[in-house]
Each structure stands twice: as C-alpha cells, then as structure tokens.
Amino acid sequence: MDLSFSPEEEAFRAEVRQFLAEELPEDIARRNREGRELEKADMDRWHAILNARGWLAVTWPEEYGGTGWTPVQRHIFEEECARASAPRTLSFGLAMLGPVLIKFGTEAQKAELLPRILDGRDWWCQGYSEPGAGSDLAGLKTRAERDGDDYVINGQKTWTTLGQHANRIFCLVRTDPDAKKQAGISFVLADLDTPGIEMRPIRLIEGGHEVNEVFFTDARVPVANRVGEENQGWTIAKYLLTHERTNIAGVGFSIQAFENLCALSRKSRRNGRRMIDDPLFAARLARIEIDLEAMKITNLRMLSDATKNGQPGPESSMLKVKGTVIRQALNDLSRRALGPAAAPFPSEDLEGNAALVDPDQAANAARYFNNRKISIYGGSNEIQKNILAKTMLGL
Amino acid sequence: MDFEKTDDRRMLADSLDRFLADTYPIEHRNRVAYAAPFHDPERWAELAELGILHALVPEERGGFGGAGFDVFTVFESLGRALCPEPVLPALLVLRALMATEADLEPILSGTRRYALAVGEPDAPYDLDAIETTAARSGAGWTLTGRKSVVYGAQTADAILVVARDGDALGLYEIEGDAAERIDYGLIDGGGASDLFLDATPADLVLADAEAAIREALDWGRLALCAEAVGAMDAARDMMLDYMRQRTQFGRPIGSFQALQHRAVEMVTEIEQARSLTILAAARMDDPDRARHVSMAKNLIGRTTQLVAEESVQMQGGIAMTWEYPASHYAKRLTMIDTQLGDADWHLEQVMAALQAA
Ligand SMILES: Cc1cc2nc3c(=O)[nH]c(=O)nc-3n(C[C@H](O)[C@H](O)[C@H](O)COP(=O)(O)OP(=O)(O)OC[C@H]3O[C@@H](n4cnc5c(N)ncnc54)[C@H](O)[C@@H]3O)c2cc1C
C-alpha cells in the first residue's frame, strides 16, 4: 500500500500547475470563481489555449489528438484546474461524442468530426432527454423515418444544455417503432440550422438560461450522419453514459470549494466572532472535511482500479452519488455562511457593487439552487442507486 | 383540548385564501415578486382592507386579534400562496410599537408603511453584536452604521432602526429616504435594502428597547414558521400530485418505493414542524416564549431544507425550471431559514436555555 504519487506524477502536477499559472486568463478564472456563467467566447478562448498545448481532449488517445493520459494524470489535471479556478471543459464534444466516435464512428466520421471538436468549429449539445423520457431514457419517442438517403425526424428533445451556443446536436432517435424499447434506437448527428429544427430557451430555478427545448418537424438529416448501426443506438448511449460518469465525482471541485469555504469562514464575522469559531458551524465544516477526505481516497482507489482494468467499473455510480451529495452539501454550507446576505438576487445592478456583496459571493445562493441539478442529470441519484443495487450488489 | 381554528380565524383564513387564489396566482406572483418594487401595491391596499394587518394586533391597540394563532392564521395563508407582500415588516413594526403609545392606525390601514432595521453584516441575528450607534444631536439624534437585508425598506415611508446608545439598545425612526439605501430583489422574491447610516437624523421612539425588540422579533419568527408551514403544505401537495401523474418505466413515479418512503418522511417532518409552530403560537404570552420560538424556528429550518431539496429531487428536472411553481417554493423555503435566525442560531438558543436550567 502506497498512497503517494510517483515522482513522474508529481513532475506532471508541477508542469500542469505552471501551465495554468502562465496560460489561464485571469478574467476567466475570476468569472468562474465568482460562480457566474461563462460566455461562449470565454469557453472558446479557454479551449483554444488548451488545444494549443494539446491538453484539450483528456480522454482521447493520442492518435486522435488526445492526451493519452492515464486516469491518474487526468485526475491530477482536474485537481489542478479546480485549484486554479479554471472552467471545466465542455463535456458534450470532448467527453461524450468524441469517445463515441472513436469507438463506433466510421473513419470518415472520425477524420471529419474529431478535429472540428478540438479546434472549436463544432459546439455539440446532447439530445437524449425528452419530456416523456427522462430517467426512462429508452422510452424516447422522437421518430426518424428513412426516406431515401435521409432520415426525416419528428419529435422533441429537452433539457439541452448550452444548446443556444451549439451548432450541432447528437440525438437518440427511434428508427424502429415496432422493436422492443431499447432495440429500435439509433444515434444520429444533426446540424442545428437544418430546416425543421427549432430551439427555445428554458429558464432555470435561479433565473439563468442554460438549457433548451429542441423541436424537430420533418427535419431531414442524411443517413450518413448515423453513428454505428441502425437500431444499435442504445449500446452507444450506454457507453457514453459510463464515460459521462467518469470523473463525475468532481473531487477537485469539492476540494476547492472546501478551501474557499474555510477562507470565507475565517474572514466573515457573525455575532461577535469569526464564523469558524461558531462551534455549530465548525462542526458542519469538519463533518464535510471528513467526508471529503474519505472521498478523495475512494476516488483514487477507483482510479487505480480503472488504470489496471482499463475501464471504470459500476462503482463509478457510487462515486457519482457521493460526489454530488458532498458538492451540494458544500454549496449549502457556503450559503449558510453568508446568512441573510445570500438573499439578494444576483443582478447586473449588484455586480460590481462591492459595498454590498463580496463579488466572490454574489452568486452564492444562485449556485446552491442551480447545483441541485447535479443529483438529477446524467442519471439521477435514484437511478444510480438502482444500477448499483443491480450490478454491484447483484440484488 | 382543541386543535381546530376558531370560527373567526377560519373565516379570516377562508377569505384570505380566496382572495389570494383569485388575485395572486403564481404567474402574477412571479411577475411582481422579481421586479421593482417587488410586490403589488394594489394588492397590498386590498389586503389591508381585508383586515389582515388588524388581525396582527389586539383590540386595545385598534386591531381585532393579536394572539399567536391570529398571526399563525394570516401567515400560513400567505405562505401557501407564496405571497411576497411586505406583511412581515408590518408585523415586526406593529409589535415593536406595542411597547409605545404610538397610534397604530396609519400602519393598520396600510397607508403608512414601515420597515424594521435590525440585522447588520457582522450581526445578522444577534442583538448583542449590533454596532450601529445613536448619538444625541441638539434636540434629536443621529445614527451611524450599516443595516443589511432590511425587508420592505425599499417601499417604506419610514424605517425603525435598532441602534446602540452606550449599553442600551434603542428604537429610532428615520424617513424612508433619509439614509443612503441600496435596494434589490431577493432570490426568493420580494425586496429588501441595505442602509448606510452616516450621522443620519433620527427621532427616538423607545429608549431601553431591548425587551420590546426581542419580543417583536419573536413575533416575526412565529410568522416565518407559519409561513413556512403554509408553503410546505403547498409544496408537498404539488409534489404528490406530480408523483401520481408522472410516469416513467410505464408506471407513476409515485409507485417507486425509493420515493415513497422519502415522501412519507417528508410528510411526517412537516407535521412535526407544524406541531412546534402551534406550540410556539400558544406560548407567545408566556415567560418562556423565546425558547419555544427558537425550538420551532430550528425545526422549521431543518424541515424547510428537507422539503425544498427533496421535493425538487423527487420531481426531477421539471422542478429545476422557473416556469414550474415548485422551484419558487423551494427557494422561499430555503431562504426563510436565513431570516431572523437560522437553524443553528436557534439551536444555540435552545442549548443555552438547557445549560442555564
Ligand atoms: C440542468 C439540467 C441539464 C440537463 N442537461 C441535459 C442535456 O444536455 N441533455 C440531455 O439529454 N438531458 C439533460 N438533462 C436531463 C436529465 O438527464 C434528466 O432530467 C434526468 O434524466 C431525469 O429525468 P426527468 O427530469 O425527466 O425526471 P424523472 O425521470 O421524471 O424523475 C423524477 C423523479 O423520479 C425518480 N425516479 C424515476 N425513475 C425511478 C425509479 N425507477 N426508481 C426510483 N426513482 C425513480 C427520479 O430519480 C426523480 O427523482 C438535464 C437536466 C437538467 C435538470
């Protein structure tokens, strides 16, 4: 048993840290630290910086322009990024579609699409969920009918994250309505400017515009845009979801959030003493520290397993559940630390009004409410537990 | 023993519920609650006409209620409708002024509006830590300090400010626009302000006001508990309806035991929180009023968090949207905890009472 990183891994960490110190734009780090939404231009800029260094596609093999990193290297990278307040890269192209194309795509699809993800020409969004198909994804109804060399698509997708910035969408569609649920689904790619595709915004709980609805009315998409075999989309969907779940614990995030919270509670005073000297608050903080310390090691144990076996096991669901619970608890505590000062609605008027709120904290409560999503999307925590009970426990 | 509302209170609740159902549907609420002036002045006048402010004060001071259960009744209805009207600031001021000879009628009729400014950035809940000072200036006084998140101050004609004159806390009145004020909307709807007092001219309303302020704050806490009970009832009903209607995997999500047990736990906790709120309402004239209020507010704080988080989680993505009312209930329920002492602060009060016994 040896819990330390190897000298090579430590050297790698130092290299990442230096890169971030030199290359991460301060304005992007600040926006991210303040918990405000990043503009499309900011994300594009950050992607371009990472891409120039060859560090954008951390899960792809080198031959496709990825880093070829081990799970431990990826973990170190994520930790350092969180530490520097670097924004997370966009998962839709990099963590979801990229690996799918690499495993299931044709050579032509790989050659055309992978470079476009890396250089930012394509911004993908994920068209899985529908109004009637959330947890029960296989219940999806969006219909794709073959007509010559095209599919004609009718139906609706929803919850499409950052679709307003995207030019393309990958979708699960029903190509065989008579087959059993999972059997009649295909995975297709569509340009969002295709006639018959319309996007409408959905406003979230805290007031932000982050998700959308996408309507398909006789939208024609070339059959050549299908990834994998017709009616084999479910296999791809499942493969993608396991990838979505790696690193989903967000340990790096939580470590950073915890440190910020400690700093805040040393700085802010309440009722004649520092927050951190309030025994009830300190108890809440200490309890989270204990949970977080445990999760760090659990995460490393799973990373080490994944390195040996080449694949994250079903235990990754366990980490997703625990990781989201801890992140949400940190958001909760951070909101508590502010007390009534968390109540103002973050608005343009108040931004920059440092007399009123510490800019780092202006979006504090909004972040708490927004992050209730992390135990719902990507397979809700209830669904993860169902999966765990079945696959890990054999119940 | 009788846990039913009296006929008078039932009539008040019925007419208030009907009024809010007719004139304050959630779409209207969301339109007014998140944009200046963060409430609806017309509805405010109509609510006052209905007599809901009179219900908060006893007859000898011009009202027709004033008992714990009157306050409970009014705020439970307001909570159920998620009503953002500044009734709480009015209650706080009315109860503080009960210690004076002031004529309450202008407030009761809804024509003159006040806010009560207590909390400060470093002293959100604790009177002992208040730093705003009052100094004599000629025949009057001036106030210096900062008051934060003063509910209802943005529309108040006058503000009652709690300030320190040496060791004593006093209650001072300033005009609504006498001090620099930053107004803002709140994440859960409604409006508040920060006040920057800088030798701001003020009139003394009550010297040695600490006991009166503590009592007024306890009335406010009771009101918040009752508001929470009403809002939790509504949030629960909405969730249960949705669990019956929403199908996934070919069955209503309400048929999954993983959710059923949690729904039952939630309902149990709401009933527990209601019980303590009833107890606090019954103890408002007792010597150990404050302890009962703190017990209730602690349990309310714990329960509102459970209801807010679990109701969003168990309804899934839809409850994350602005359009679906559950999200607004979740926000209000969460933020109620930060008003007039959060769960931890009230737990400390209960601990202190235990330790002193
Ligand atoms: C902010 C946000 C962003 C999103 N981004 C995207 C995106 O980019 N692309 C995309 O395709 N989707 C996206 N989603 C959709 C997300 O994946 C779904 O919300 C999620 O799958 C849950 O589905 P649902 O919301 O329909 O809830 P439902 O499936 O209706 O679930 C409601 C509740 O029932 C529970 N439940 C359901 N079935 C069971 C069961 N068998 N046992 C126990 N409990 C159960 C759920 O856990 C949940 O608590 C996003 C969602 C949100 C909120």
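H5(B) and H7(B) run roughly antiparallel to each other, a label for angles over 145 degrees, while those under 35 count as roughly parallel, 65 to 115 as roughly perpendicular and the rest as oblique. Before going on, note that this is a predicted model, where local features need pLDDT of at least 70, side-chain atom pairs count only at pLDDT 80 or more, and totals for chains, interfaces and linings use all residues. Residues are numbered from 1 along each chain as its sequence is written, chains are lettered from A and ligands numbered from 1 in the order in which they are written, and side-chain values use heavy atoms, with hydrogens and water left out.

Back to that helix pair. Two packed helices are described by the angle between their axes and the distance between the axes. For H5 (residues 87-97) and H7 (residues 210-245) of chain B, the angle is about 150° and the axes are 8 Å apart. Axes here are lines fitted to C-alpha atoms, for helices over the stretch in contact, and angles run from 0 to 180 degrees between N-to-C directions. Helices (H or I, at least four residues) and strands (E, at least two) are DSSP runs, numbered from the N terminus.

Which residues meet? On the H5(B) side they include Leu88(B), Leu91(B) and Arg95(B), and on the H7(B) side Trp219(B) and Gly220(B) are among them; contact means heavy atoms within 4.5 Å. By class, this contact has ten nonpolar, one polar and one charged residues. Ala, Val, Leu, Ile, Met, Phe, Trp, Tyr, Cys and Pro count as nonpolar, Asp, Glu, Lys and Arg as charged, and the others, Gly among them, as polar.

H5(B) has another partner: H4 (residues 68-80) of chain B packs with H5(B) at about 165°, with axes 12 Å apart. That pair is therefore roughly antiparallel too, but H4(B) passes H5(B) in a left-handed crossing. Val71(B), Phe75(B) and Leu78(B) of H4(B) touch Val87(B), Leu88(B) and Leu91(B) of H5(B). In class terms, that is six nonpolar, no polar and no charged residues.

Now hop over to chain A. The axes of H1 (residues 7-23) and H4 (residues 71-83) of chain A come within 10 Å and cross at roughly 35°, and the crossing is right-handed. Here the contact has seven nonpolar, one polar and six charged residues.

Next, the ligand. Residues from chains A and B surround the ligand, so the site is shared between chains; a residue is near if one of its heavy atoms lies within 4 Å. Of the 29 residues around the ligand, those that come nearest include Ser135(A) and Arg246(B). A polar side-chain atom of Asn386(A) lies 3.1 Å from a ligand nitrogen, and a polar backbone atom of Gln313(B) is 2.7 Å from a ligand oxygen.

Most residues other than glycine have a negative phi, and most peptide bonds are trans. Yet Ala36(B) and Pro37(B) are joined by a cis peptide bond, with omega about 5°. Asn271(A), not a glycine, has a positive phi of about 55°.

How values were computed. Polar contact = N/O pair within 3.5 Å; in protein donor to acceptor, adjacent residues only side chain to side chain. Left-handed = near helix turned anticlockwise from the far one by under 90°.
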